[in-house]
Amino acid sequence: MNTYFAVLKEGISFAEVIGELTDSGVKIIKHYPELGIVKFETEKKISEFDFDFFLSIEEEKDDFAL
């Protein structure tokens with residue numbers, strides 16, 4: 001399962017995209033309304049071109065080093 005963070009475009013509300021995401025087989029994990037960010041999981045690879053209501057989409061990484 002791949003986890004992604006996506007930034008909603010200005011003027012797009014989370015309520016507008018919930019249906020389209022779930023219809024695409026995406027599992028919404030968390031919405032951060034103050035930041036306009038949605039965290040979601042899916043089996044598929046996702047790109048910015050799959051959803052036109054996101055400004056950007058990044059795959060979650062666990063490569064942090066101290």
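**Exercise 1. Find how many salt bridges a search of the whole structure gives, and work out what the pair ties together.**

Step 1. Start with the count: searching the whole structure turns up 1 salt bridge, meaning a side-chain nitrogen of Lys or Arg within 4 Å of a carboxyl oxygen of Asp or Glu. Keep in mind that this is a predicted model, where local features need pLDDT of at least 70, side-chain atom pairs count only at pLDDT 80 or more, and totals for chains, interfaces and linings use all residues. Residues are numbered from 1 along each chain as its sequence is written, and side-chain values use heavy atoms, with hydrogens and water left out.

Step 2. Name the partners: Glu60 and Lys39, at 3.6 Å from N to O.

Step 3. Lys39 sits in strand β3 (residues 37-42) and Glu60 in the segment after β4 (54-59), so the bridge ties together parts 21 residues apart in sequence. Helices (H or I, at least four residues) and strands (E, at least two) are DSSP runs, numbered from the N terminus.

Step 4. Check the surroundings. Lys39 is buried, at 18% relative accessible area, while Glu60 is partly exposed, at 39%. Here buried means under 20%, exposed over 50%, and partly exposed in between (1.4 Å probe, protein chains only).

**Exercise 2. Work out the strand order of the open sheet.**

Step 1. The 4 strands run in the order β2-β3-β1-β4, with antiparallel pairing; two strands pair if DSSP finds at least two bridges between them.

Step 2. Look at the edges: β2 and β4 each have a single partner strand, so one side of each has no neighbour in the sheet.

Step 3. Zoom in on one pair. β2 and β3 run antiparallel and are joined by 5 bridges. Tyr32 stands opposite Ile37 in β3.

**Exercise 3. Sort the buried and exposed residues of helix α1 (residues 14-23).**

Step 1. Pick out the buried ones: Phe14, Val17 and Leu21. They share one side of α1, because they cover an arc of only 70° around the axis, taken from the directions from the helix axis to the C-beta atoms.

Step 2. Turn to the face away from the buried side, which carries the exposed residues Ala15, Glu16 and Asp23.

Step 3. See what the buried residues pack against: β1 (2-8), β2 (27-32), β3 and β4, with contact meaning heavy atoms within 4.5 Å.

Step 4. Finish just past the helix, where Gly25 takes a positive phi of about 85°.
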